[in-house]
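My entries follow the order in which I made the look-ups.

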Amino acid sequence: MELQVQLLMNTLQIGSVYVLFALGLTLIFGVMKIVNFAHGTFFTAAALVVTSVMMWSVDTIGMPIWFSYLIAFVMALLVVCVIGFVVYFFGFKYVLKDLNGSFILSIGLLLLLNGTYLILYGGVPRSIPAVIPGNITILGASLTIQRLVLMIVAAIITLGLYILVHRTKLGLSLRAVAEDQEAAMLQGIPYRRVALYGFLIGATLAACAGALMATVTPVTTVIGDDFLVKAFIIIIIGGLGSVLGAILGGLLIALIESFGGYYFDPSTATLAMFVLVVILLIVRPQGILGHAEK
Amino acid sequence: MLKSNPGLALCILIAIGAICFALFSGDPYYVQVVIWVFANAALAVTLRFVLLIGELNIATAAFFGIGAYTTAVASTILGWPFFISLLAAPVIAGVISSLFGWITLRTKGPYFLLISFAFTEIVRLIYTKTEALGGNSGMIGMFPPMELDAYFPAIAISILAAILFGLYAAERSNLGRVFKAIKNNEDIPRSVGLNVIGLKILCLVIASTAVGLVGGVHAYTNSVIAPADFTYFVAVLALAYVKIGGEGHIVGPIIGATILTLAGQFLHSFGPYENIFYGAIIIGALLLVPGGIVGLGVRFKAGTLMGRAGR
Amino acid sequence: MSMKKIIGITGGALLALFSAQTAIADETLKVGISAPMSGAAAAWGLGFEYAAEQAVAKINAEGGIKAGGKTYMLELHAYDNKYNAAEGAKTAQTMLNRENINFIVGSIGTAPVKATQALSERKGALLFNTGWGKSIKGPKYPLTFTQMNTPFEILAPFYGYIKEQHPDAKTVAMITPNDATGQELEPVAIDTWGNLDVEVISKDKYERGTTEFQSIATKIATSNADIVDFGASPPTDVGSMLKALDVLGWNGIKVVPAGTSAGTLSKMAGAAAEGTYLGASADFTGESASEIQRELNAGAMEKLGEALNGITISSYDAVMALKKAIETADSIEPKKIAETLPTIIFESSYGPAAFGGAEVYGNPQQILVPVMITQLRDGKAVEVGRIAPAELKKRLK
Amino acid sequence: MNDTQTDTLSGYNKSSEGKILLKAESLERKFGGLTAVADFSFELHEGEILGLIGPNGAGKSTTFNLISGFIPPTSGTLSFLDQNITSKSATYISRMGLIRTFQHESLLSEMSVADNIIIATTHRLKTAAARQEKMREMAKLTGLEDYLKVTASSLPHGLQRMLSIAIALAAEPKVLCLDEPLTGLQGSEVKAALDLFEMIRSELGITILLVEHNMRAVMRICDRILVLNHGRLLAAGTPEEVSQNDLVIEAYLGHKK
């Protein structure tokens, strides 16, 4: 019994970050109709900024860890926003709705940015000191307080995004554009501006995930790549462009990883995820919650 | 036919030249580079072949790997003769691709892209978990027979060139026209009695058979293969060749593959800078030269023609 | 590699061109490296290149290598094999057929090493490597030499020592990455534990690049194994797993045969890593480290931000072995050098070392250097046992 | 059994004597909760021009998609040339000789006029020469012979409409289903098109099912007319009968009685 609780807790721990990451990816797809293979670089950039800033502020200046993490978090979001802005204006702007063009652009960015990170940061993994030390036991499942906080923050951000998409004017525009871009434009929604907002929100979500993840895992310059592959699986399962789908898909993948990894073998669990995707696409090509495309 | 198509005649001359170079040059490195150029061109051309029906097929990488593994198994485990091992590659790749296409080509656009990506990863994971295939260490020992060893580069180049010309012929035939029609608006061919799904599968099978053969040649060229050689990145590079050379004509990917392969050779000791260079060249080509080099050529030609007409 | 370096190489090449024309007495001898310089394993390649650079610089500063009445200056060319076979084959072609390099003083990654070997043996070039597979050596590959200890050298003394310290330990859980190294290490490890009467109760594999180890940790914690053997897992991954295990309350014996970097491990896992036994980490700062190892390590820390380890330092040893063998053979003919290598004793970073291992591999192709067992204590690697191979002891007598 | 029901509608079946080519019985199609077509039965007789009219959203295009196999019906049956074609694929149905055109995106816009027509000959004709000949014949018939190398999207609008008919004809139909072929045509073009339809029927012997908004044209050319409203058959009969039907007038002109 305790074991099941532990495995469920593991699912939530893993899933919370997957959801954040996949939400950004699915939002960008929905609004811009592009498959962004460079999404992982936003995640990586945020994690790298967090470790770099904290190394400087904690080790050199001696700031309190929690304060320096807050600064690092904000810096990470800012840096990613700047990167997002630059790649949008000098790149994605020109390939909106062009599936093949945007795909290759994102691949180019992936190579360029990952190479740059490696030169700036080096190949050595780094980790930051515990922001909130200590462990906690919930219903017999143990986890670090840090992970618990991470889950809560991720849940709040997810909820915030859900409200943004479903309750605000910007959210309405985002959904309208995702649904039918031409109809949205006819109703006077400025498509390009909405696309930019969608892209920046997506990038920021990845940055949040990266900055949170830096507290619990060693950071390398390719850390985002593992998440990217999983996130693709998640958004296929959830349906491209579906917010709720990304949330459910993220939790489902985390569930498979947690339980499959326990009862079978982690690399078998990975294989199982891919097989699941292929089966799902055969049965229901538009994903669990995706709209059928005509 | 050749008289009316000087470009084709030139290409045939280049291919013959490359084969002669492989036969008579004493420099193994540059012969090897020529093989890489042809192999990469073939990869890019097969990727573009599926682009004719409008689908970006990441599984090009998977079928390349399936071809290579088939040849490796046939030659090292089953001990089949050289040419039969080589020919097994396209056969198996073709058979598997027909199943893959039958299942997946009901989807299109981003869905097909992502499913082909997932398939590529699945196939690669299966290699890593199969001990008979050497797991992650891969397979070694695919050598051409001793008596053919000296001629192998020429044989490899001939096969790869044949693939290029074969796909060119397929594209020029009515079949190629039908594929383009499907990409343009698949409702029209469907409304006049064409089996669109069947034709899409056919397109994928032709491309996969071809790329399977490229995989077989790759196995013999490298003598060693491993799962990490067949990640989705193979298709990504092929797409880079297509985009830089230009998608509009079959020589586009060939030119793209030639330029980038040669450039890559000189970047080989650049470490992380190599990725930055590739990234920059891909982005630059996409944004600054949207039609690729071929597109530039066409625009230049159109410009000069207009200039003449203006006079 | 820095921009400076590239300019340096280009400049060097130009210089070489001019000097060839002006016919200066010194000749250059090109040596190559094939290692991952980008991607997840970049840290290994960069450290590897650094260690070899230092050896080359040292030899050149001391007047180069003398053989056949000529003096040779070394020139290092490092290539990124991206840790896969296809790139390994390409770097091999570039090194062997384009640059005409006859001496590869270091290669990392089982698949790319095999791809390199397919060509280097045919071309008659000398190949030093860090491959952990048994299949890479043998009479079929007379020009291939392994430059560091592999599981066949490490595991028996390493596990033996642990069993000695913890005679009550009866069960072990194995976890290793699903890559070539992991797949080749696992069966040897299982055998070795079996010989010590320790039962392997679970064996798991994970994909490289995994960042979440919760489920693996849960599995290990609930299996109640006395020992966890992390196999070929790199220190970063081990650190994450140890942290997760600590949270779950597991506290058994922690064993990392491929544990290369104690520093990384303790930085990642903090107190959770205390007491971990490492098989491939050397305490290059401690008392037992040689002068040269301390120097190399300090330099690497400064330049790369990472300490050297059993893998990365081995390129230094390979260059030193090559120098000695060339001078002894008095020739730069790879075949002659390959025949000479098993007969010489050379000055490695560990001290005097040699090549042997004919009993295991059928051919003396394995470097003989001490297996150093370290344990993480107070966040530092402390050498708890240094077991010199019996064969080396005999040779040194 | 539905025949009795439809027969009660005035005029039905009376003006045609040809044999029945296409027959729909109680066709129904739902999209989610929305019913696009319900309980729709009709027959198409050899040699006639049958009009299908109705206000926007009446279900005309859905009907076309159903009979051409582009979407399967939720219920009901379809038969063509005495064969049950319910839920058969579009490819199968078009190969039997029921060819439809499209209201929007009715061309291969990026390809040449010649290629557009040749594509349609691909299934029936196996040699390049035969295809070329057929293509030229169809181009001539539709007045496109001077535009063969032009990209379809750069044709003037009227010729684009002609091209979509040429494509359908090149596939050698027995029944030709035209989806609003006159939309956007000028007066003289409309006349030419109607003459072409007449010629297709009388000289090529092809039966036509016509969906059209242009009432005058429909009244002029059709032998019989079916009127759809809200997915249901509202009226059927000769042009005169239909134009005097109160229900039809109400549906088209609002609640004015």
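**Conventions.** I note that this is a predicted model, in which local features need pLDDT of at least 70 and side-chain atom pairs count only at pLDDT 80 or more, while totals for chains, interfaces and linings use all residues. Residues are numbered from 1 along each chain as its sequence is written, chains are lettered from A and ligands numbered from 1 in the order in which they are written, and side-chain values use heavy atoms, with hydrogens and water left out.

**Chain B against chain A.** I began by asking how many residues each chain brings to the contact. Chain B brings 35 residues and chain A brings 41, contact being heavy atoms within 4.5 Å. The two chains bury about 3,500 Å² between them, with 86% of it on carbon and sulfur atoms; buried area here is the accessible area (1.4 Å probe) that two parts lose on being put together, summed over both. On the chain B side, Y111(B), L114(B) and K129(B) lose the most area to chain A, together 18% of what that side buries.

K129(B) and D265(A) form a salt bridge through their side chains, at 3.9 Å from N to O.

For secondary structure I used DSSP runs numbered from the N terminus, helices being H or I of at least four residues and strands E of at least two. Helices α5 (110-129), α11 and α13 (272-288) of chain B each supply at least two residues of the side that touches chain A, and α5(B) gives the most, with 12 residues.

**Chain C against chain B.** Here 34 residues of chain C are in contact with 34 residues of chain B, and the buried area is about 2,800 Å², of which carbon and sulfur atoms give 57%. I counted zero salt bridges between these two chains, but nine residue pairs in polar contact, both residues at pLDDT 80 or more. On the chain C side, α1 (3-22), β3 (70-80), α3 (85-98), α4 (110-123) and α6 (180-195) each supply at least two residues, and the largest share, 10 residues, comes from α3(C).

**Salt bridges.** Over all chains the count comes to 30 salt bridges. One of them joins the side chains of R147(A) and E212(C) at 3.2 Å, N to O, and crosses from helix α5 (residues 145-167) of chain A to the loop between β8 (199-206) and α7 (214-223) of chain C. Both residues are buried, that is, under 20% relative accessible area, with exposed meaning over 50% and partly exposed in between (1.4 Å probe, protein chains only).

Within chain C, the side chains of D204(C) and K219(C) meet at 3.0 Å, N to O. D204(C) lies in strand β8 and K219(C) in helix α7, so the pair ties together parts that are 15 residues apart in sequence. D204(C) is buried at 4% relative accessible area, and K219(C) is buried at 17%.

In chain D, E172(D) and R124(D) form a salt bridge with their closest N and O atoms 3.9 Å apart. E172(D) is partly exposed at 31%, as is R124(D) at 30%.

**K243(B).** Is K243(B) buried or exposed? K243(B) is buried, with a relative accessible area of 14%, and lies in helix α11 (residues 233-245) of chain B. Leaving aside neighbours within four places in sequence, K243(B) is in contact with G101(A), I104(A), L286(B) and G292(B).

My last entry concerns I71(A), which lies in helix α3 (residues 65-89) of chain A and is partly exposed at 31%.

Key. Salt bridge = Lys/Arg side-chain N within 4 Å of Asp/Glu carboxyl O. Polar contact = N/O pair within 3.5 Å; in protein donor to acceptor, adjacent residues only side chain to side chain.
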